[in-house]
Amino acid sequence: MSGPVTSLVSPGALISPEWHKTPEGREYLAGILRRNRRRIFGLLERPSLSPQQEPETVSYKIYLAGKSGVGKTATVAKLAGIEVPPTHQETPGIQTTVLYWPAKLVQREKVIMFKLHFWDAGEQALKKFDHILPACKDKVDAVLFLFSFTDRSSFDDLPHLMSRVVESSESILRLVVGTKYDQTLHNEVPTRDIREFEHRWKVPVLMIRNVDGPRTPDGKALDGRAGIMEVAQFLNSICEHLWRHDQIAAGIYRPPDYTGEPKISFI
């Protein structure tokens with residue numbers, strides 16, 4: 001399949017949306033927690049699970065693109081259960097983060113461990129060094145194009161950003177993420193504009209609140225389980241799109257209504 005591909009899917013169609021709340025789901029989530037705090041994984045580390053729980057692991061490389069200050073680093077921190085930086089600091093060069101997320105496929109009743117390898121690069125580094133963008137895109141599976149709800153220009157620049165980062169000949173999953181969704185008083189991007197964008201560009205828009213979740217009773221760290229509940233829907237959605245895109249690209253899966261063109265989905 002050629003061209004930039006976006007595999008759109010309705011939430012919950014492929015991945016059980018509430019499975020992480022079940023007793024079975026909580027057992028798997030224990031593998032990405034340590035003393036009720038999210039585990040930080042190195043490149044060669046993996047969740048600690050019992051032999052009976054060893055699921056199939058699928059790995060995806062995800063590059064985050066967006067202008068300086070939209071919240072790329074804060075978004076990864078939120079998803080990984082790390083403290084969200086209180087102020088903006090330009091990412092010096094490339095920053096990578098490994099995140100594991102267990103999910104259960106709806107039709108196959110099978111648990112999959114998604115290994116998400118996020119790549120984030122500072123805007124100045126991208127402009128200064130020609131090798132940064134090619135390194136981030138090397139063997140990449142998906143690109144998250146970020147804009148901030150508090151910065152209208154970052155939303156208006158999305159079409160240019162997408163065409164600059166993903167060429168027409170590349171088969172890469174494209175997703176858009178709206179950050180700082182919690183700052184409603186400063187929102188410069190209304191919902192109708194989001195729907196118009198999805199309809200025109202056939203790319204789904206996800207939304208995230210770039211603020212820390214609840215803390216542990218002693219206040220010394222973020223509450224791992226509570227933080228998971230805040231990002232579960234977001235991670236499930238990313239994994240659903242990655243899984244379907246991967247299956248279609250490999251010729252393994254063809255939905256009944258698949259015609260080779262993306263199907264619009266509002267999230």
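Tutor: Happy to! Helices (H or I, at least four residues) and strands (E, at least two) are DSSP runs, numbered from the N terminus. This is a predicted model, where local features need pLDDT of at least 70, side-chain atom pairs count only at pLDDT 80 or more, and totals for chains, interfaces and linings use all residues. Residues are numbered from 1 along each chain as its sequence is written, and side-chain values use heavy atoms, with hydrogens and water left out.

Let's look at Ser 50, which sits in the loop that runs between strand E2 (37-38) and strand E3 (56-65). Ser 50 counts as partly exposed because its relative accessibility is 27%; buried means under 20% relative accessible area, exposed over 50%, and partly exposed in between (1.4 Å probe, protein chains only). Tyr 28 is 22 residues away from Ser 50 along the chain, and their C-alpha atoms are separated by 9.3 Å.

Now for the whole. The protein has eight helices and eight strands. Its radius of gyration is 18 Å, close to the 18 Å that the globule rule gives for 267 residues, so the protein is as compact as a globular protein of that length. That radius is taken over C-alpha atoms, and the rule is 2.2 Å times the number of residues to the power 0.38. The C-alpha trace spans about 45 × 45 × 35 Å along its principal axes. Of the 267 residues, 48% count as buried.
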